[in-house]
Every structure is written in C-alpha cells, then in structure tokens.
Amino acid sequence: MPGLRRIPLTVPAYFDHNATTPLCPAAREAWLHASDRHWHNASSLYREAGLTSQALEAAREELGDLLGVEPERVVFTSGATESNNALFAGLSKCLAPDAVVAISAIEHPSVREAARAWLGRGRVIEIPVDPQGLVQTGVLHTLVQQYAPALVSVMAANNESGVIQPWQELFKLCQENGVHFHTDAAQWMGKLPAEELGACNYITGSAHKFGGPKGIGFLVLAHAAESFPLLHGGPQEHGHRAGTENYPAIAAMVAALKAANKGLPEIASAQSHHRDAFLTQMKLAFPGLRVISERAPRLWNTALMVMPRHDNLKWLTRLTRRGFAISTGSACSSGKEGSSVVVQALGASWEELKRVVRVSGGWDTTAEAWQDLATAFEEVGTELDAGGRPQDK
C-alpha cells in the first residue's frame, strides 16, 4: 500500500530485514524536506534556527505519541547500540557499587556486552530461557527475589529467532517488585504496535530497522529529569546528549514509523502466511530441517532454521549468486559468536550452529518472492549434495 513501498533494491530478493531495511519513500521525502527547510543548527539563536528547534520538538512529540510516552523522556541518539550503551553507562554512575542487573540470555550484543563493559561481568545476571526461547515469568520472579536487581532488561522481540517475549507480564512483575524494566525494541518497532511499549521504564530503538535512515535512534528514559548525560560537551537534548541534533534524520525516522504502522495488522497477517508457506515448502524439500522456536509466538517476518546438512556460509554464498540475500544470524555477532548466543541458549550443538540460517522478509515481500526463495534453496541443496561448482545465474 502507498507509503510502505520500498525503493528498488540492488538485490532482487532481500530477506535480511532484521539486519537493516531499505529507506522507505515516506522517510526519504521527510529527510529531503527537512534538509531543504530545516538544515540549521537547532541550538543557534537566529530565527531559522528557532524554526528548526520547533520542528525538532514537534518530532519528539510525535515519536512520544507513537510510543505512548511523555515527549520529555525521549532522547535522540545515533541508534539502538548507542542507546543501550548510554543506558548502562548512566546506570554505572548512579547505582550502588554492589547493585546488579539482569538481562535475558538471548539479548542483542549491544545490551549484553554494554552491560558487562559498564558494570562488570560479576554484576550482570543472565535470565535463562525455555526451550522455545521465552523468558518465563516464574523464573524471573525467583531471580528477582534472590538477587533484587536494580534493572531487568528483556528484548521485546528477538533479532535472530523472531521470538516475541511476554514483556508485558515481565514488566508487571518488575513493577510489583520495585524493579525498573528496559526493553530493546529494535525488532518490535514497525512490526508490532509501538504504543504498547510506553509502559516500560526504558525503551531503545533504531530507525533503520523499520524503513528509516541509519545513524538515528532513541532512548526513552524512565524520568525526564534523570541526570546522566549520554555525551558531554554541550546542552543539546535537554542536557542528555551533546552534539548538534540531526533533525533531517529524526524527521525521517518519525515518518518511517508512521508509514510502517499503516495497515500493520493486515500486513502482519499476510506476511506470516507467506512465511509459513515458505517453511512448509522447505520442510518438504529438506527432511530434518529444524525451525528454531517454531512453537513460540514470533515476528511475522522471521524464520531461523537449522539446515539438515551443509555449512550456512555455503548456503548464503550460493543463494547470493542467485540474487537472494539471507543471513547466518545477527550481523552484530558475525565473525564472533554468530548465532551461538540464541541457538546455544536453546540447547543446540556446536555442529548445528554451523548450519543455522536466518530469513527475514519485509512489509511488502510477495508470496512469489518467498516461494522463489524456497525454490532457490532446493536448487542450491541439489548443487551442494552433488558437490558441484556454483552455477552462474
């Protein structure tokens, strides 16, 4: 539908939307308009700068409305990675020296590594997940009673498996026990209703995950008056983050989120049907294929699979030659732990880790594209089984 169509891609069939998304037309138009009309420094004192400052605050209000939070709590950043680091850096300055935080065992590296770096490994407790990748309320309740963490951090939806966490229940439990709750909403935003997130104490997100530009994101604070600054050197962002605000990117982020939210229930229903049909075709073609967290609630666009044979890089490179872009897991983990954090947390073996592939479609990925991808998998499987060289396409 209008507003959700993406700019044509260099890759004919793009199935790595959980890593990044193409810039949507609404975001591009908003960025160009803001760059033409409001390119001035919002912190300067002349008239045009004042107009830019007004536009910036209007965008903050819009994002606050979309998230269901007071706009004063919204701080614009360069993305979810900076936001997550800023959160734990700030907490490291204001928490008691012996205070601990709890994070789920399947958090994104920008949460897991940031918490460890700023607080120290000994102050970071991991919350185990069940075989489907879900944090169980009972498990968290026991952990909260035992350790009394100052903060619990559980991502709203997993970037690799697509598992949707019961964060509403987890937040309620934390609230009842006087524990602050943070959710990394990078994968939730644009795929599920954003206003539901507003109940959380802390929220982080990144525009390029839902059709916005790279290099812009946000952190929602528990209270607007929280004093820990993200960057030093200026009074911007109401003293929370120094540096000239990137208003064109901010305007584009808000426009992208509004566009992604249009017709979302219908899009989610259609895309989940396409994804499930793809998985049915894959299981018929590859007996023994395992879908990670298949019985858990998942994002409508995501499938994390353990192929029954052949290394995942062989699948990726040969599918790329056929014009299909997929992933072996989180781009932020590539070359390090890969998909191991999520898949190991679900009890997979090291041998299985080498065969994990992730497919993540977009808002307007067609049923035909999903079917073509399954067919391409079959062709590559035949090629790999025969030990042949990659075919030119």
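Before we look at two helices that pack together, let me say that an axis here is a line fitted to C-alpha atoms, for helices over the stretch in contact, and that angles run from 0 to 180 degrees between N-to-C directions. Helices (H or I, at least four residues) and strands (E, at least two) are DSSP runs, numbered from the N terminus. What we have on the screen is a predicted model, in which local features need pLDDT of at least 70 and side-chain atom pairs count only at pLDDT 80 or more, while totals for chains, interfaces and linings use all residues. Residues are numbered from 1 along each chain as its sequence is written, and side-chain values use heavy atoms, with hydrogens and water left out.

Let us begin with helix α5, residues 137-147, and helix α6, residues 167-176, which pack at an angle of about 25° with their axes 10 Å apart. The two are therefore roughly parallel to each other, a term used for angles under 35 degrees, whereas over 145 counts as roughly antiparallel, 65 to 115 as roughly perpendicular and the rest as oblique. In the contact, meaning heavy atoms within 4.5 Å, Thr 137, Leu 140, His 141 and Val 144 of α5 meet Glu 169, Leu 170, Leu 173 and Cys 174 of α6.

Now to the sheets, where two strands count as paired if DSSP finds at least two bridges between them.

A second open sheet has 3 strands, in the order β9-β10-β12, with antiparallel pairing. β9 (290-291) and β12 (356-360) each have a single partner strand, so one side of each is left without a neighbour in the sheet. Helix α8 (residues 264-285) lies across β9, β10 and β12, running at about 15° to β10.

Finally, how many disulfides does a search of the whole structure find? It finds 0, where a disulfide is a pair of cysteine sulfur atoms within 2.5 Å. The sulfur of Cys 94 is 17 Å from the closest cysteine sulfur, in Cys 174, which is too far for a bond.
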